[in-house]
Amino acid sequence: MNKSMINVILWDIVPVLATYYICRALGVHEYGAMTAATAVGLLRVVWVAVSQRKLDGFAATMVVVFGVGLALSFATGDEKFLMATKSITTAILAAVLIGTVIAGKPAAFSIVKRFGADSPEQAKDWDKLYAAEPSFRRVYLVMTLVAAGGLLAESLIRIPLIYLLSTDIMATLSQVLLWGTIALIGAWSAWYGQRGEKRARAIAAARPAP
C-alpha cells in the first residue's frame, strides 16, 4: 500500500466512517450519526478546496454517500426505508461511474492513478500510456463498468432482503453487503488492472515506431 493510498484512507474515508460508527455506538440515532458523518466529510472537502484549491473527489464521494442517505431519510421515519436509502445511494454512485464512461473519462483511471502512482513521474507515464494505447484505455473502461455493475447489483439485492429479514439482522447485513461489495470490486480491479497494464505495455512495446 503506497503513501497516496494511505493518505486517502486516513484523511478522506476513515474520519467520516469513524464519526458515523462512533455516534451509533454512543447511542446516537441514525439521523444524527448520518448528519455528523456528512458534516465531517463536508469539512474535509471545504478544507482541501480552500487550502489546495482543488476538489477532493474521495471526500466528496463520502459526503454523497451519507448526504444522500440523510436527505432521503427525512422522507419517512420507517427504519426499513432508512436502510433502503443505502441502495439509492449506491445506485447513484453506479450511475455516476457510468456517466464518466459516457463522458469518455472512465473514473477507474483517475482512481487507480491516485491510489497507485508512487510519484508524479509515474502518474505522467500512465497519462502518456493512456493517451497512446487503446488497449490500456479499455482496461479502465472495463474496470469502471464492472464497478458500476457491482454497486448496482448490491443496491438491487439489498431491497428485497430488507423486507424479507428482520430489521436487526438486516442492519448488520446491509453493512456487510456494502463494504463486502466494495472490497470485492477493489480486489478484482487490482488484479485486472495489473494484468491489463502489463498486456498494454507489451502491445505498445511491440508496435513499430512511427
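A residue counts as partly exposed when its relative accessible area lies between the limits for buried, under 20%, and exposed, over 50%. Asp125, at 32%, is therefore partly exposed. The model discussed here is predicted.

- Helix 6 covers residues 120-132, and its 13 residues should span 18 Å at 1.5 Å a residue, which agrees with the 18 Å between its end C-alpha atoms.
- Ala123, Trp126, Leu129 and Tyr130 are the buried residues named in helix 6. They lie on the same side of helix 6 because they cover an arc of only 125° around the axis.
- The other side of helix 6 carries exposed residues, namely Pro120, Glu121, Lys124, Lys128, Ala131 and Ala132.
- As a general rule, an α-helix has 3.6 residues a turn, so residues three or four places apart point the same way.

- Side chains of opposite charge can pair when their charged atoms come close.
- Lys113 forms a salt bridge with Asp127, and their closest N and O atoms are 2.9 Å apart. Lys113 belongs to helix 5 (residues 107-116) and Asp127 to helix 6, so this pair ties together parts that are 14 residues apart in sequence.
- Lys113 is partly exposed at a relative accessible area of 23%, and Asp127 is partly exposed at 32%.
- Arg201 forms a salt bridge with Asp125, with 2.6 Å between the closest N and O atoms. Arg201 lies in helix 8 (residues 167-206) and Asp125 in helix 6, so the pair ties together parts that are 76 residues apart in sequence.
- Arg201 is partly exposed, with a relative accessible area of 31%.
- A network of salt bridges links Asp125, Glu197 and Arg201.

- Arg158 and Glu154 form a salt bridge whose closest N and O atoms are 2.2 Å apart.
- Both residues lie in helix 7, 4 residues apart, which is about one turn of the helix.
- Arg158 is buried, with a relative accessible area of 0%. Glu154 also counts as buried, at 2%.

**Aromatic pairs**

- Phe136 and Tyr140 form an edge-to-face pair, with 5.1 Å from centre to centre and 80° between the planes. Both lie in helix 7, 4 residues apart, and both are buried.
- Trp188 and Tyr192 form a stacked pair, because their ring centres are 4.7 Å apart and their planes are at 10°. These two residues lie in helix 8, about one turn of the helix apart.
- Trp188 is partly exposed at 28% relative accessibility, whereas Tyr192 is buried at 13%.
- Ring pairs also link Phe109, Tyr130, Phe136 and Tyr140 into a cluster. Tyr130 is one of the buried residues of helix 6.

- Ile98, Ile102, Leu141 and Leu145 make a nonpolar surface patch of about 360 Å².
- Helix 4 (79-102) and helix 7 (134-164) each supply at least two residues of this patch.
- Leu141 lies in helix 7 and is partly exposed, with a relative accessible area of 32%.

Key
Residues numbered from 1 in each chain as written. Predicted model: local features only at pLDDT ≥ 70, side-chain atom pairs only at ≥ 80, totals over all residues. Heavy atoms only, no water. Expected span 1.5 Å × (residues − 1). Buried < 20%, exposed > 50% of the residue type's maximum accessible area, 1.4 Å probe, protein only. Arc of directions from axis to C-beta. Patch = residues over 30% accessible without salt bridge, like charges linked within 9 Å, V, L, I, M, F, W, Y side chains within 5 Å. Areas by Shrake-Rupley, 256 points an atom, 1.4 Å probe, with all protein chains shown as cover. Salt bridge = Lys/Arg side-chain N within 4 Å of Asp/Glu carboxyl O. Phe/Tyr/Trp six-rings, centres within 6.5 Å; stacked < 30°, edge-to-face > 60°.
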